[in-house]
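Good morning, and thank you for coming.

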Amino acid sequence: MKISVQGHDLYAYTGGKPFNPAQPTAVFIHGVLNDHSVFILQTRYLAHHGWNVLAIDLPGHCKSEGTAPHSVEEAADTVIALLDAMQLEKAALIGHSFGSLIALEATARDAAAHPGRIGHLVMVGTAYPMRVSPALLDLSVSAPFKAIDMVNSFSHSTLAPPPSALGPGTWLYGGSKALMRRVLASNTLVNVFHTGFKACDDYRGAEAAMARVACPTLFVLGSADQMTPPKAAQSLIASCAQAQVVQLPAGHSLMTEAPEGVLQALKDFLKP
């Protein structure tokens with residue numbers, strides 16, 4: 001569905017179900033050079049089991065209009081504007097990688113104006129600080145396809161796990177590479193690869209944001225994650241008032257490498 005947010009159409013995948021104001025809502029936020037489709041298994045399940053699902057394409061990405069966010073804070077404001085536009089009274093925010101920082105910042109910012117509106121926060125494949133090497137930042141501009149290859153090598157601990165989110169034997173590396181190239185090509189005005197990576201690297205507000213988060217927070221981490229290794233999330237976990245941690249045998253692309261594990265973690269955490 002398309003939702004008018006900040007003067008532009010924002011796309012949100014609903015899992016094939018119409019929005020029902022009587023149900024709780026889960027908002028999914030993707031990472032750099034991804035889109036709503038990376039959460040396909042998790043969103044489809046929740047949408048058919050009592051939840052509204054809004055898995056967004058960030059502004060300037062794929063099906064969403066507007067300017068691609070240049071900072072975590074800017075993207076967080078978009079998420080809050082989405083909650084306002086949908087007149088949500090209760091929501092869960094679920095973010096992966098870059099999206100996890102956006103979800104965290106949005107939860108902290110929303111707490112002042114709407115205490116309790118965001119009742120659950122899920123941070124998948126997260127780290128703080130979320131550093132990006134200068135070499136990779138440079139390559140995202142000078143040789144983006146080479147950078148995509150590098151990121152995919154670091155993001156996967158296996159090439160075709162049985163089963164994956166799209167069925168047994170799915171070539172995760174090839175599918176992810178194709179998705180990243182498509183997302184990069186979706187915006188001819190801004191290099192969303194570089195802007196996303198730089199936003200991650202520049203973000204310095206996570207610990208302050210976590211101090212303002214009052215809701216339960218779930219960390220879903222990959223034991224073989226080379227992009228955001230579990231040890232890099234420990235400072236956030238330590239400063240979280242209501243932290244739960246699930247570690248899965250996967251790399252950075254947890255939703256496709258360990259789809260059932262991520263889904264089970266969400267089902268357990270989001271129980272009323």
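Let me begin with a definition: a residue is called buried under 20% relative accessible area, exposed over 50%, and partly exposed in between, using a 1.4 Å probe and protein chains only. What you see is a predicted model, in which local features need pLDDT of at least 70 and side-chain atom pairs count only at pLDDT 80 or more, while totals for chains, interfaces and linings use all residues. Residues are numbered from 1 along each chain as its sequence is written, and side-chain values use heavy atoms, with hydrogens and water left out.

I start with Ser 100. Is Ser 100 buried or exposed? Its relative accessibility is 0%, so Ser 100 counts as buried. Ser 100 belongs to helix 3, which spans residues 98-113. Helices here are DSSP runs of H or I with at least four residues, strands are runs of E with at least two, and both are numbered from the N terminus.

Which side chain makes a polar contact with the side chain of Ser 100? That partner is the side chain of Thr 126, at 2.8 Å. By polar contact I mean a pair of N or O atoms within 3.5 Å; within protein, one must be able to donate a hydrogen and the other to accept it, and residues adjacent in sequence count only if both atoms are side-chain atoms. A polar atom of the Ser 100 side chain also lies 2.6 Å from the backbone oxygen of Ser 97. If residues up to four places away in sequence are not counted, Ser 100 touches Gly 95, Met 123, Val 124, Thr 126 and Met 130. Contact here means heavy atoms within 4.5 Å.

Ser 97 deserves a word on its backbone. Although Ser 97 is not a glycine, its phi is positive, at about 60 degrees. Ser 97 sits in the loop between strand 5 (91-96) and helix 3, and with a relative accessible area of 10% it is buried. Gln 6, also not a glycine, has a positive phi of about 55 degrees. The location of Gln 6 is the loop between strand 1 (2-5) and strand 2.

One further backbone feature is the cis peptide bond that joins Tyr 128 and Pro 129, with omega about -5 degrees. Pro 129 is in the loop between strand 6 (118-124) and helix 4 (134-142).

I turn now to Asn 152, in helix 5 (residues 144-155). Asn 152 counts as buried because its relative accessibility is 1%. Its side chain reaches the backbone oxygen of Ile 148 at 2.9 Å. Beyond four places in sequence, Asn 152 touches Tyr 173, Ser 176, Lys 177 and Met 180.

Helix 5 packs with helix 6 (residues 172-185) at an angle of about 140 degrees, their axes being 10 Å apart. The axes are lines fitted to C-alpha atoms, for helices over the stretch in contact, and angles run from 0 to 180 degrees between N-to-C directions. On the helix 5 side, the residues making the contact include Phe 145, Ile 148 and Asn 152, and on the helix 6 side they include Tyr 173, Met 180 and Leu 184.

A second pair is formed by helix 1 (residues 40-47) and helix 11 (residues 259-269), which pack at an angle of about 40 degrees with axes 9 Å apart. That angle makes helix 1 oblique to helix 11; angles under 35 degrees count as roughly parallel, over 145 as roughly antiparallel, 65 to 115 as roughly perpendicular, and the rest as oblique. Helix 1 contributes Leu 41, Gln 42 and Tyr 45 to this contact, and helix 11 contributes residues including Val 262, Leu 263 and Leu 266.

Next, Tyr 13 in strand 2 (residues 8-13). At 15% relative accessibility, Tyr 13 counts as buried. Leaving aside neighbours within four places in sequence, its contacts include Ile 40, Thr 43 and Arg 44. Between Tyr 13 and Phe 39 there are 26 residues in sequence and 9.9 Å in space, C-alpha to C-alpha.

Finally, the cysteines. How many disulfides does the structure hold? The number is zero, where a disulfide is a pair of cysteine sulfur atoms within 2.5 Å. For Cys 62, the nearest cysteine sulfur is that of Cys 200, 17 Å away. For Cys 240, the nearest is that of Cys 215, 7.8 Å away. Cys 62 counts as partly exposed at 22% relative accessibility, whereas Cys 240 counts as buried at 10%.
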